[in-house]
Amino acid sequence: MAGAKPPRAWQRMLSGRRLDLLDPSPLDIEISDIAHGLARVARWNGQTAGDHAFSVAQHSLIVERIFRMMNGDVSADWLLAALLHDAPEYVIGDMISPFKATLGDDYRSVEQRLQRAIHLRFGLPADLPAELKRAIKQADRVAAYFEATELAGFGHGEAARFFGRPRGVSADALMLDPQPVRAAQNAYLSRFEAIERSRYKAEGR
């Protein structure tokens, strides 16, 4: 219909920012909103054991820890990239892989635009180097294996078929007990702030 208004494509955040989902600006992204949202988004569609949902915030902390364990002495910038690897999900939620495949390119394009804006907001390259992306993805798959077997009811053989069998990392080294929302949110913010302090120190600020 002529003159019809386009559908609203922005979301108001608790920080007061309005984030345009189709054309996100780095200026409208705040770490407080990311931590708040990720701590309230459940991994595995909530189908995990425990009294609390296993949140994307907690998953992100585990991935960053595994990334450190597997890659030794890497820069604080790359640690931040690992921590933020699922940051777009504070807006679009965590869809399981089979559903992402069904949605196809439309979902991926929104996710990629958000990820680029998030990277720019925090001083990272909009598009990460391919080697770094592969290393973060490897850590992500290790985390998924342990989440699947410890929390989501997968057998070890089944999880190995989907995610590969981890080497050099054990579940004992990871914080896999699902945390209350506020604890996961605060832990995410605390780790972000620690990485930022390392970045400033490395730059001689």
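Start by selecting L61, which sits in helix α2. The model on screen is predicted. L61 is buried, because its relative accessible area is 17% and the cut-off for buried is under 20%.

Now show what surrounds this side chain. Leaving aside residues up to four places away in sequence, L61 touches L83, A184, A187, Y188 and R191.

**Helix α2**

Colour its buried residues: V56, A57, Q58, H59, S60, L61, I62, V63, E64, I66 and F67. Which helices do they pack against? Show α1, α3, α4, α7 and α9 to see these partners. Then step just past the helix to G72, where phi is positive at about 65 degrees.

**Y188 and the core**

Next, centre on Y188. Beyond residues up to four places away in sequence, Y188 touches I31, I34, A35, L38, A57, S60, L61, L83 and L84. Y188 also belongs to the largest nonpolar core, which has 61 residues. Within that core, the members that touch the most others are I34, L84, Y90, F122 and Y188. In soluble globular proteins, nonpolar side chains tend to be buried together.

**Helix α9**

Pick out its buried residues: A184, Q185, Y188, L189, F192, I195, E196 and R199. They cover an arc of only 130 degrees around the axis, so they lie on the same side of α9. An α-helix has 3.6 residues a turn, so residues three or four places apart point the same way.

Show what covers this buried side; α1, α2 and α3 are among the elements there. After the helix comes G204, with a positive phi near 75 degrees.

**Aromatic rings**

Switch to the rings. There are seven aromatic pairs. Take W44 and F163 as one of them: their centres are 6.0 Å apart and their planes stand at 90 degrees, so this pair is edge-to-face. W44 is in the loop between α1 and α2, while F163 is in helix α8, so the pair ties together parts that are 119 residues apart in sequence. Are these two residues buried or exposed? Both W44 and F163 are buried.

Then select Y145 and F146. These rings also pair edge-to-face, at 5.3 Å centre to centre and 85 degrees between the planes. Y145 and F146 are both buried.

**Last stop**

Finish at W10 and R18. R18 lies over the face of W10, 4.1 Å from the ring centre.

Methods
Residues are numbered from 1 along each chain as its sequence is written. This is a predicted model: local features need pLDDT of at least 70, side-chain atom pairs count only at pLDDT 80 or more; totals for chains, interfaces and linings use all residues. Side-chain values use heavy atoms; hydrogens and water are left out. A nonpolar core is a set of buried Ala, Val, Leu, Ile, Met, Phe, Trp, Tyr and Cys residues joined through side-chain atoms within 4.5 Å. Buried means under 20% relative accessible area, exposed over 50%, partly exposed in between (1.4 Å probe, protein chains only). Contact means heavy atoms within 4.5 Å. Helices (H or I, at least four residues) and strands (E, at least two) are DSSP runs, numbered from the N terminus. Rings of Phe, Tyr and Trp (its six-membered ring) pair if their centres lie within 6.5 Å; planes under 30 degrees apart count as stacked, over 60 as edge-to-face and the rest as tilted. A charge sits over a ring if NZ of Lys or CZ of Arg is within 6 Å of the ring centre and within 35 degrees of the ring normal. The arc is that of the directions from the helix axis to the C-beta atoms.
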